[in-house]
Amino acid sequence: MSAEGVIGANAEVTKGEHARMSSFVGAIAVADLVKTTLGPKGMDKILQSVSDPNNMRITITNDGATILKSVPVDNPAAKVLVEIAKTQDDTVGDGTTSVAVLCGELLREAEFLVNQRVHPMTIMAGWRSAVVIARQALEAAAVDNSADSVQFEQDLLDIARTTLSSKLLNTEKDHFARLAVDAVLRLKGSGNLDYIQVIKKPGGSLADSFLEEGFVLNKSFGVGQPRRVENAKIMIANTPMDTDKIKIYGSRVRVDSMTKVAEIEEAEKQKMRNKCEKIIGHGISCFINRQLIYNFPEQIFTEAGVVSIEHADFDGIERLAAVTGGEITSTFDRPDLSTLGECSLIDEIMVGEDKLIRFSGCKSGQACSIILRGASSHLLDEAERSLHDALCVLTETVKETRVLCGGGCLEMLMATSIDQQVPQIAGKAALAMEAFSRALRQLPTIIADNAGLDSSELVTQLRAAHARGEKNSGLDVVNGCVGDMWAMGVRESYKSKLQVLVSAAEAAEMILRVDDIIKCAPRERHER
């Protein structure tokens, strides 16, 4: 009995070849969507929101994860590619486009093999063998310089430059690579990116961006308060400080004279005065609140010589609590249970025409802030995304210190290793292994195509170089030739490359395994 005769009327079943073809078409279409953004000469995409006609916000980016997250897809296989790009972005930060493109190329090869009557399980068996060989080639090519601090810092700089070379920050990649490496090395291996604050300030050029040691808060001091506090004791709070107005909710008060109204106002003020005195009694010199601070409590703090900062965004006070060693407080009756933050200096700095508050010498010496400057908000948003990718890759490299050559070198090395093993494999699995190596060689081909170069000529030269044993050879897209990637300083993180290989193979295998697609509406609820 067929499935159509069993399932409900609102369900739809796509079976066999049609289901597999639908999966292939959807996944390959998504891979082709981001394919032109791959490599240092990749193109950008404009993403335009059309949900609100009055606010048609645009995003200009070539980040694979950002593009795929923004594009609504209905095809189930296409959603798998979107998910692996997100996972790559969350795990490593870089390689989001590579993982989607490699998965698409694997499925393109699988489609050709399936049309030749090779069973999907045979293809998957060959792919698994190819992944093992490719992984061994990666491990053999990896270099670990963690024992030499100077060389390891140079490796980090090279990885940051390579990551940024395919981004908007390409023109200032040396400057931003140094910013990113300095920020990550301050973390001393913790990998907690919350300690690195990125602040965007329109104006100036990208080259004006700088790293500020300590924590920078995009707020200002209260009126009439000192602009410099040394050896500060900081209370970070999330509490209402606006009860200097009458707020009696859910009740009615009837009075027979304005004197009674004044008494109620005075009672409200006294309540706020008592609260402020409790806060000041903690022995603090700076009070930072998540919520607003109205004029009356601000006046009390000013008279007591305490600096007050209002309406600090939630992310800001979370980070500030982490870097100063304090805790966010909501009640003030027990000073012995409150943990205050500490820093050696709080002062005001100017960035462009704006005033920011800087916290220097924080209890956690790992804190720093990167101030991004640029001509427009779109430029700054893309610069922040690019810098975030570099920071993520660097923090992962500090944990997994092995590095590899970039520029299509590793893809060709893995493909060559697989091709060398194929003659020893009997059966149709060898066809799948050859298909896997062809898919890997497509990545340098796409990089060359995106740079406007003759990909056929360059990739055959690169293949010949690897056959001669020149294992560091890769594509020099600036000069349009094959070059030594290690000598050129084109480096990539071992973890990033391994994640791309494994994730793309697993996702392609998952899609290839599909033989039915069942679409069904939620079961209707029948009222009794």
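Which residues touch the most other members of the largest nonpolar core? In this predicted model, local features rest on pLDDT of at least 70 and side-chain atom pairs on pLDDT 80 or more, whereas totals for chains, interfaces and linings use all residues. Residues are numbered from 1 along each chain as its sequence is written, and side-chain values use heavy atoms, with hydrogens and water left out.

Of its 528 residues, 48% are buried, where buried means under 20% relative accessible area, exposed over 50% and partly exposed in between, with a 1.4 Å probe and protein chains only. The accessible surface of the chain is about 25,400 Å², and carbon and sulfur atoms account for 49% of that surface; such areas come from the Shrake-Rupley method with a 1.4 Å probe, and for residues only the protein chains shown count as cover. Among contacts (heavy atoms within 4.5 Å) between residues at least 6 apart in sequence, 74% join residues at least 24 apart.

In soluble globular proteins, nonpolar side chains tend to be buried together. A nonpolar core is here a set of buried Ala, Val, Leu, Ile, Met, Phe, Trp, Tyr and Cys residues joined through side-chain atoms within 4.5 Å. The largest such core has 76 residues, and Trp127, Ile418 and Phe436 touch the most other members. Helix α13 (residues 429-450) supplies the largest share of this core, with eleven residues. Apart from it lies another core, of 52 residues, which includes Tyr195, Leu206, Ile288 and Ala312. When neighbours within four places in sequence are left aside, Phe436 is in contact with Leu106, Trp127, Ala130, Val131, Ile418, Leu501 and Ala505.

Two packed helices are described by the angle between their axes and the distance between the axes. Axes are lines fitted to C-alpha atoms, for helices over the stretch in contact, and angles run from 0 to 180 degrees between N-to-C directions. The axes of α5 and α13 come within 7 Å and cross at roughly 55°. The two helices are therefore oblique to each other, given that angles under 35 degrees count as roughly parallel, over 145 as roughly antiparallel, 65 to 115 as roughly perpendicular and the rest as oblique. Their crossing is right-handed, meaning that the near helix is turned clockwise from the far one by less than a right angle. Residues of α5 in this contact include Trp127, Ala130 and Val131, and those of α13 include Met433 and Phe436.

Helices α8 (residues 258-280) and α9 (residues 295-303) pack at an angle of about 40°, with their axes 10 Å apart. This makes α8 oblique to α9, and the crossing is right-handed. Lys269, Met272, Arg273, Cys276, Ile279 and Ile280 in α8 meet Phe296, Pro297, Ile300 and Phe301 in α9.

Individual residues were also examined. Arg117, which is not a glycine, has a positive phi of about 70°; Arg117 lies in the loop between α4 (96-115) and α5 (120-141) and is exposed, at 66% relative accessibility. Asn231, also not a glycine, has a positive phi of about 50°. Asn231 is placed in strand β8 (residues 228-237) and counts as exposed because its relative accessibility is 62%. Lys497, in helix α16 (residues 494-512), is buried, with a relative accessible area of 8%. Not counting residues up to four places away in sequence, Lys497 touches Leu138, Leu404, Leu410, Glu411 and Glu492.

Technical notes: Helix = DSSP H or I, 4+ residues; strand = E, 2+ residues; numbered from the N terminus.
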